[in-house]
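Subject: Handing over the model

Dear colleague,

I am passing on the structure we spoke about, and I would be glad if you looked through it with the notes below beside you.

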Amino acid sequence: MDSSEQPPTGRRKGRGQRRGRRVDAATRDAVAALLSGLPLRRDLLIEHLHRLQDSRGCLRAGELVALADLLRIGVAEVYETATFYAHFDLRDDDEAVPALAVRVCDGLSCRLQGGVELDAALRAQLDPAQARVLRAPCMGRCDLAPVVQIGKRHADRASASDVLALIKVGEFTALPVVSETLAAYRAGGGYRQLLALRDGSLQAEAVIAELEAAGLRGMGGAGFPAARKWRLLRDAPAPRYLVCNADEGEPGTFKDRIILEEQTHPFLDGLLLAAACIGAQRCWIYLRDEYPAAHALLRREIAALETAKLIEPGFIDLRRGAGAYICGEESALIESIEGKRGYPRQRPPYVAELGLFGRPTLVNNVETLAMVPTILAGGGARFAALGSEGFTGLRSYSVSGRVREPGVKQAPAGISARKLIDDYCGGMAEGQQLLAYLPGGASGGILPASMADLPLHFGELEKHGALIGSAALIVLSDRDDLRAAVQALLEFFADESCGQCTPCRIGTEKMLALFEAPELDVELLKELAAVMRDASICGLGQAAPNPLTTALMYFPQQLASKRDE
């Protein structure tokens, strides 16, 4: 990192001694030893916290004080960052805590498959001195529900006996992922366009023109045209940066995990093509902490790119998230990379103008970047023609819930939920009828079966109060409790609000409380939803009412009858 991108150090001036808790010398030395090899930079604070927790199982108060001293920043800065993220477990120095954490996924897809009952069974059967059982937000393994994470090891389609068996044998590390090697990918033509860009035989504008012809849009949820975004960054003053948002946290969304694990080099190829086209000085990948196997895989393959001299050492900086849904918002993600709480920024200015470390920054998600080599190989027009119902290209749909074959389904953009379920997922699960579906995860709203023929694409579902977002389809059947599903989603938003702005912080809590009240005040709920949409800083507060408002619109009788039972 050069001096132009160094964040402020927070060094105190004009005072010989710090106030507050004194640093224990032995603790300081132990923390310094644990952090050996990791630069003592302010922007790496979250990486430092991960290093400490990985070694200790939790974060001790004395270690936070020592870390603050080593980084030469205030203890409050360390504490407020550590307490912001769900995956950091802060404890007093003398508090007895089992090192092993057992996290039970609390996402809607896991709840549909018995996650709540599994959580209760583990709490009843596990000795609290042996492991601590925690309910955790969606882990991005919705196709394998219910899911439990034991240390870094995931138990998929888990039962209590499965989890207890893994604990008994001490298997707490993530299973390695086998993916295509760099050599195999290059043998098939991988990275050729990148080398052509670098030697001048392929022009950046030609690449961007193909993306424009393909109709490629940002697949993280906003749907902004990729070509337009890249051009904006090319024209921005240097140095420019590129950030990949691999922090999908939308309940029901898991496509990025599959792409990272199964299309590792197409993704990295797309990342480097984007960097070359905009003239990015460096790249960052911000990856969910829930994906330890993908993290190990990316570290290995990035190292392979460095060894092959396709990139300079350190050109790609891989960072871990720490369990904050809000960091899927691009400016909150950038704050997190800088080592701070993931608070969304007020806009304007936009991150394309003033992004990471104050520099123009291109933010794209995993799916968008992974599409780029495919588009260039066959041409933008050919890719565009793969769409349906007048829409362009392909999309990766994360499908979970009451279908026979859940998973990531690459299908024509504009496909309907009914066709996706019937033609790509083997139809509904045995003996179950389609009641409703969430087209875009928790924030996408809930639509009835009668609307299952609507195109799943940007600009279409908004007419009906819903969103396609990240294309996370959660399917509900006639056997599911719709009111319980709505409540689970409202609880999720109340828990995940970052707390920065009042309309979202208070609004999500009040909406949940009103929903749980003996009498459902529909008009007051609608008024609250309007305030949240109009006044919240970012998309979390603006979209949080969607599950409730759409359920009230399309399922008023079901909500009322559930309340009366």
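This is a predicted model: local features need pLDDT of at least 70, side-chain atom pairs count only at pLDDT 80 or more; totals for chains, interfaces and linings use all residues.

Residues are numbered from 1 along each chain as its sequence is written, and side-chain values use heavy atoms, with hydrogens and water left out.

Helix packing

Helices and strands are named here from DSSP runs (H or I of at least four residues for helices, E of at least two for strands) and numbered from the N terminus. Helix α2 (residues 45–56) packs against helix α3 (residues 61–71) at an angle of about 145°, and their axes are 12 Å apart; the axes are lines fitted to C-alpha atoms, for helices over the stretch in contact, and the angles run from 0 to 180 degrees between N-to-C directions. The crossing of α2 and α3 is right-handed, a term used when the near helix is turned clockwise from the far one by less than a right angle, with anticlockwise giving left-handed.

On the α2 side, Leu-45, His-48, Leu-49, Leu-52 and Arg-56 are in contact with Glu-63, Leu-64, Leu-67 and Leu-71 of α3, where contact means heavy atoms within 4.5 Å. The residues of this contact divide into 6 nonpolar, 1 polar and 2 charged; Ala, Val, Leu, Ile, Met, Phe, Trp, Tyr, Cys and Pro count as nonpolar, Asp, Glu, Lys and Arg as charged, and the others, Gly among them, as polar.

Helix α3 is mostly covered, since 10 of its 11 residues are buried; buried means under 20% relative accessible area, exposed over 50%, and partly exposed in between, with a 1.4 Å probe and protein chains only. The elements that cover the buried residues of α3 include α1 (25–34), α2, β1 (59–60), α4 (75–84) and β2 (90–91). After α3 comes Arg-72, which has a positive phi near 60°.

Aromatic rings

Rings of Phe, Tyr and Trp (its six-membered ring) are paired if their centres lie within 6.5 Å, and the pair is stacked with planes under 30 degrees apart, edge-to-face over 60 and tilted for the rest. By this rule the count comes to 9 aromatic pairs. One of them joins Phe-84 and Tyr-85 edge-to-face, at 4.9 Å centre to centre and with 75° between the planes, and both residues are buried. Another edge-to-face pair is formed by Phe-492 and Phe-493, at 5.3 Å centre to centre and 70° between the planes; Phe-492 counts as buried at 12% relative accessibility, and Phe-493 is buried at 1%. Phe-84 and Tyr-85 also belong to one aromatic cluster with Phe-88 and Tyr-343.

A charge sits over a ring if NZ of Lys or CZ of Arg is within 6 Å of the ring centre and within 35 degrees of the ring normal. Arg-228 lies in this way over the face of Phe-224, at 5.2 Å from the ring centre, and Arg-288 over the face of Tyr-291, at 5.6 Å.

Backbone details

In general, most residues other than glycine have a negative phi, and most peptide bonds are trans. The bond from Ala-145 to Pro-146 is cis, with omega near -5°, and Pro-146 lies in the loop between β4 and β5 (148–150). A cis bond also joins Ala-238 and Pro-239, with omega about -5°, and Pro-239 lies in the loop between α11 (226–234) and β7 (240–246).

Glu-389, although not a glycine, has a positive phi of about 55°, and this residue is exposed, with a relative accessible area of 65%. Ala-471 has a positive phi of about 60° but is buried, at 0%.

Two single residues

Arg-135 lies in strand β4 (residues 131–136) and is partly exposed, at 42% relative accessible area. Leaving aside neighbours within four places in sequence, Arg-135 is in contact with Val-104, Asp-106, Arg-111, Val-116, Asp-119 and Arg-123.

Val-23 lies in the segment before α1 and is partly exposed, at 33%. Not counting residues up to four places away in sequence, Val-23 touches Arg-28, Val-65, Ala-66 and Asp-69.

With best wishes
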